[in-house]
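Subject: Structure handover and notes

Hello,

Here is the structure for your files. My notes on it follow below.

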Amino acid sequence: YSGQKAPPPFTTGITLYQDANFGGKAVMLEKGRYDLDDLMSRGVNNDSISSIKVPAGYKVTVYTDFHFAGGSMSYSSDTANMVAPYDNNTSSIIVE
């Protein structure tokens, strides 16, 4: 994505939620690497994720900075309340 048309939404994968307890805006991501521009092209604002649903067989690693830098934490199951410093502080994600 480089300022062009937004990509179509995924129909399988992990789901990111804007609010705790799987509330608010939700965006699904399939396996891949998502830097800040990629997340924003899919409707995920910087530092706006508070909970994640992770289906069996998936692993999500969140990073506090773009370009997969800064602190990181991995999730392999649903997380209703992300803990500090990752709650509302995620700028890049890897989904495996």
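Among contacts in the chain between residues at least 6 apart in sequence, what percentage join residues at least 24 apart? The figure is 66%. Please keep in mind that this is a predicted model.

Overall fold

The chain holds 1 helix and 7 strands, and their order along the sequence is β-β-β-α-β-β-β-β. The radius of gyration is 12 Å, close to the 12 Å that the globule rule gives for 96 residues, so the chain is as compact as a globular protein of that length. The C-alpha trace spans about 35 × 30 × 25 Å along its principal axes. Buried residues make up 39% of the 96 in the chain.

In soluble globular proteins, nonpolar side chains tend to be buried together. Here the largest nonpolar core has 18 residues, and those touching the most other members are Ile 14, Leu 16, Leu 29, Ile 52, Val 62 and Ile 93. Two or more residues of this core come from each of strand S1 (14–19), strand S2 (23–29), strand S5 (60–65) and strand S7 (92–95).

I looked at Leu 29 in more detail. Leaving out residues up to four places away in sequence, Leu 29 touches Phe 10, Thr 12, Gly 13, Ile 14, Leu 16, Tyr 34, Leu 39, Arg 42 and Val 95. Two of these partners, Ile 14 and Leu 16, are named above among the core residues that touch the most other members.

Ser 91

Ser 91 is placed in the loop between strand S6 (69–75) and S7. Is Ser 91 buried or exposed? Its relative accessible area is 5%, and the cut-off for buried is under 20%, so Ser 91 counts as buried. The side chain of Ser 91 reaches the backbone oxygen of Thr 64 at 3.3 Å. Thr 64 is also one of the residues that Ser 91 touches; the others are Asp 35, Leu 36, Leu 39, Asn 46, Asp 47, Tyr 63, Asp 65 and Phe 66, again not counting residues up to four places away in sequence.

Aromatic rings

The whole structure contains 2 aromatic pairs. Tyr 17 and Phe 22 form an edge-to-face pair, 5.6 Å centre to centre with 75° between the planes. Tyr 63 and Phe 68 also form an edge-to-face pair, at 5.8 Å centre to centre and 85° between the planes. In the pair of Tyr 17 and Phe 22, Tyr 17 is buried at 12% relative accessible area, whereas Phe 22 is partly exposed at 25%.

Charged side chains lie over two rings. Arg 33 is over the face of Phe 68, at 4.2 Å from the ring centre. Lys 31 is over the face of Tyr 58, at 5.1 Å from the ring centre.

Asn 45

Asn 45 lies in the loop between helix H1 (36–41) and strand S4 (51–53). With a relative accessible area of 49%, Asn 45 is partly exposed. Asn 45 and Gln 18 are 27 residues apart along the chain, and their C-alpha atoms are separated by 8.9 Å.

Regards

Definitions and conventions: Residues are numbered from 1 along each chain as its sequence is written. This is a predicted model: local features need pLDDT of at least 70, side-chain atom pairs count only at pLDDT 80 or more; totals for chains, interfaces and linings use all residues. Side-chain values use heavy atoms; hydrogens and water are left out. A nonpolar core is a set of buried Ala, Val, Leu, Ile, Met, Phe, Trp, Tyr and Cys residues joined through side-chain atoms within 4.5 Å. Buried means under 20% relative accessible area, exposed over 50%, partly exposed in between (1.4 Å probe, protein chains only). Helices (H or I, at least four residues) and strands (E, at least two) are DSSP runs, numbered from the N terminus. Contact means heavy atoms within 4.5 Å. A polar contact is a pair of N or O atoms within 3.5 Å; within protein, one must be able to donate a hydrogen and the other to accept it, and residues adjacent in sequence count only if both atoms are side-chain atoms. Rings of Phe, Tyr and Trp (its six-membered ring) pair if their centres lie within 6.5 Å; planes under 30 degrees apart count as stacked, over 60 as edge-to-face and the rest as tilted. A charge sits over a ring if NZ of Lys or CZ of Arg is within 6 Å of the ring centre and within 35 degrees of the ring normal. The radius of gyration is taken over C-alpha atoms; the globule rule is 2.2 Å times the number of residues to the power 0.38.
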